[in-house]
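Dear colleague,

I am passing on the structure we spoke about, together with some notes on what I found in it. Please look it over first and then read the notes beside it.

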Amino acid sequence: MTVSLMDPSAECGDADCVPAFRILSRLIEAAGVQPQVAVILGSGLGQAGDRVLFDGGIAVPYSDLPGMPSPAVAGHSGRLIIGTGAHAGILLLQGRVHWYEGHSLSVMTFGTRLMAAIGVCTLVVSNAAGGVSPGFQPGHLMLISGHWTLLNIQECALDQRLAGRSDLGDRLWNSRLRSAAFAVPTRLTLHEGCYAMMSGPNYETPAEVRMLQRLQVDAVGMSTIPEAIAAARRGLRVLGVSCITNVASGLSDAVLDHADVSETAASIEAEFTTWLLRVCGRIMTDCAEPAE
């Protein structure tokens with residue numbers, strides 16, 4: 001089967017992705033699949049990749065893809081899973097690198113830019129987040145409908161021809177994808193709201209959380225926005241999903257710890273995996289339609 005792939009050096013300005021693109025495109029062509037949806041799995045949410053791998057998927061260590069950064073944070077495996085069979089058309093990135101690890105925006109968005117070059121039309125990006133909005137409890141999910149950040153990452157498209165443009169339309173936090181996700185049955189509690197990205201690596205102070213509340217932020221984390229903007233600027237529709245793993249600092253008496261965050265994510269991971277893969281299947285049916 002000949003897979004329709006873009007040349008990443010032709011138009012999008014991502015020449016640094018070319019070596020990884022050539023390796024990945026050969027693997028995808030050998031698998032006989034057409035990538036449509038890419039999923040970035042956040043902290044403690046990698047089980048979806050394991051399930052696709054168990055069902056016949058193909059694992060590619062990030063280290064085998066030139067330029068692809070390997071995560072150093074617990075809960076990020078650092079593998080790309082190519083879905084086959086029932087999961088054909090899905091590519092899953094098990095883990096990401098973060099701003100607070102000292103990476104540049106070009107490194108942080110490498111995986112997203114590679115997925116765009118390969119030809120996917122939709123990016124599903126997930127994360128572990130602290131709940132800011134009242135009623136958001138550990139184990140709930142929030143579909144991202146908007147975002148906010150203090151970081152100067154608006155130029156993360158890494159293409160100066162696009163600098164200053166904000167005409168992302170409904171590609172970023174696509175409303176049609178959110179509707180599709182809400183329509184998939186799950187025992188998990190789903191919300192919708194605004195996500196804020198902070199720099200990390202420390203959790204937000206109570207004072208910062210009070211500021212976020214005034215800005216009508218519903219959940220806060222340390223990732224996701226650079227990848228989402230880079231994807232939307234390349235024409236991909238973006239669905240964002242936050243797993244609420246804790247109540248934000250100052251809103252409870254709990255002392256925040258990454259181990260507890262990972263434990264909460266693990267407690268819902270099986271149900272989250274089933275829901276996520278069903279969402280991917282649902283949105284692949286209209287993936288060929290042009291972004292709005």
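I begin with a strand pairing: Ala38 stands opposite Leu91 in β4. Please bear in mind that this is a predicted model, in which local features need pLDDT of at least 70 and side-chain atom pairs count only at pLDDT 80 or more, while totals for chains, interfaces and linings use all residues. Residues are numbered from 1 along each chain as its sequence is written, and side-chain values use heavy atoms, with hydrogens and water left out.

Strand β1 (residues 37–41) runs parallel to β4 and is joined to it by 5 bridges, where two strands are taken to pair if DSSP finds at least two bridges between them. Helices (H or I, at least four residues) and strands (E, at least two) are DSSP runs, numbered from the N terminus. β3 is also joined to β4, antiparallel and through 4 bridges, and here Leu80 stands opposite Leu93.

β4 itself is mostly covered, with 5 of its 5 residues buried, buried meaning under 20% relative accessible area, exposed over 50% and partly exposed in between (1.4 Å probe, protein chains only). In a regular strand the side chains alternate between the two faces of the sheet. In β4, Ile90, Leu92 and Gln94 point one way, whereas Leu91 and Leu93 point the other way.

The loop between β3 (79–82) and β4 (90–94) holds Thr84, which counts as buried because its relative accessibility is 15%. The side chain of Thr84 reaches the backbone oxygen of Gly56 at 2.8 Å. Leaving out residues up to four places away in sequence, Thr84 touches Ala31, Val33, Asp55, Gly56, Gly57 and Ile58, a contact being heavy atoms within 4.5 Å.

The largest nonpolar core has 47 residues, and those with the most contacts inside it are Leu24, Leu80, Leu114 and Met115; such a core is a set of buried Ala, Val, Leu, Ile, Met, Phe, Trp, Tyr and Cys residues joined through side-chain atoms within 4.5 Å. Helix α4 (residues 110–118) gives the most to this core, with 6 residues. A second, separate core of 31 residues includes Val39, Leu141, Val241 and Leu276.

Finally, helix α7 (residues 225–233) is largely enclosed by the rest of the structure, because 9 of its 9 residues are buried, among them Glu227 and Arg233. Just after α7, Gly235 takes a positive phi of about 90°.

With best wishes

How values were computed. Polar contact = N/O pair within 3.5 Å; in protein donor to acceptor, adjacent residues only side chain to side chain.
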